[in-house]
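Open the model in your viewer and keep the sequence panel beside it.

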Amino acid sequence: MAVDGARVERLTRELLEAIGEDPERPGLRQTPARMAELYAEFFAGVGEDAAAPLARTISVTRGPAPETLPSGAVLLRDIRFRSVCEHHLLPFAGHAHIAYLPGEQVVGLGALVRVVEILAARPQVQERLGEQIADSIAEHLDTRGVLVVLDASHGCVTMRGGRQSEASTLTIAARGEYSEPVARQEIIALISAGSVSAASTVRAQR
């Protein structure tokens, strides 16, 4: 479902008036149009099928290079994402980490990125976003287990209320074999190792 840009522009003008501003002053004249463009981008995932990117798969046993296929988990780490919290319509952003245990079919890694992008591009809460990503992969891909870890910073925490600028939120969604904590320990360790390495690099560059 496409965002109604004209309506967003009209409502933005009303919002500016409601907070006591003049939408006709030079600095705000283009704001309604900019908001329409912004919302079209931020909410492009509303009504879009998040499972569609998973439709094109590759056979494990009959694939082009079966000798190179993984015998264990496939882990795609540090997928950058941004979304909008449905409670205050403030942004939250961070990294998604996705692991799955392949069955007979695997999928291109870009398809996993697209699942995250589609589900994030709608009013969300982080807890539900992780669950929806896990469900989409578990239900539409031949897999024995799925693990989704999201680590994000929320505008409603960093910019309002307590204004905790360093706070981040971590959520875990697990399906299949990864529903058992012991089974996902290795993946959590690999994700954590990547985070520690990235943090060390940032400190070294300062």
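Start with the whole chain shown as a surface. This is a predicted model, and its accessible surface comes to about 11,800 Å². Carbon and sulfur atoms account for 53% of that area.

Next, colour the residues by burial. Of the 206 residues in the chain, 37% are buried.

Switch to a cartoon and colour by secondary structure. The chain has six helices and seven strands. Followed along the sequence, they come in the pattern α-α-β-β-β-β-α-β-α-β-α-β-α.

Now select residues 5–18, which form helix H1, and residues 31–42, which form helix H2. How far apart are the axes of H1 and H2, and at what angle do the helices pack? The axes lie 8 Å apart, and the angle is about 130°. Angles over 145 degrees would count as roughly antiparallel and those of 65 to 115 as roughly perpendicular, so H1 and H2 are oblique to each other. Their crossing is right-handed.

Show side chains for the contact between the two helices. On H1, select Gly-5, Val-8, Glu-9, Thr-12, Arg-13 and Leu-16. On H2, the partners to select are Thr-31, Pro-32, Ala-33, Met-35, Ala-36 and Tyr-39.

Finally, colour this selection by residue class. The contact of H1 with H2 comprises seven nonpolar, three polar and two charged residues.

Definitions and conventions: Residues numbered from 1 in each chain as written. Predicted model: local features only at pLDDT ≥ 70, side-chain atom pairs only at ≥ 80, totals over all residues. Heavy atoms only, no water. Helix = DSSP H or I, 4+ residues; strand = E, 2+ residues; numbered from the N terminus. Buried < 20%, exposed > 50% of the residue type's maximum accessible area, 1.4 Å probe, protein only. Areas by Shrake-Rupley, 256 points an atom, 1.4 Å probe, with all protein chains shown as cover. Axes fitted to C-alpha atoms, helices over the stretch in contact; angles between N-to-C directions. Parallel < 35°, antiparallel > 145°, perpendicular 65-115°, else oblique. Left-handed = near helix turned anticlockwise from the far one by under 90°. Contact = heavy atoms within 4.5 Å. Nonpolar A, V, L, I, M, F, W, Y, C, P; charged D, E, K, R; others polar.
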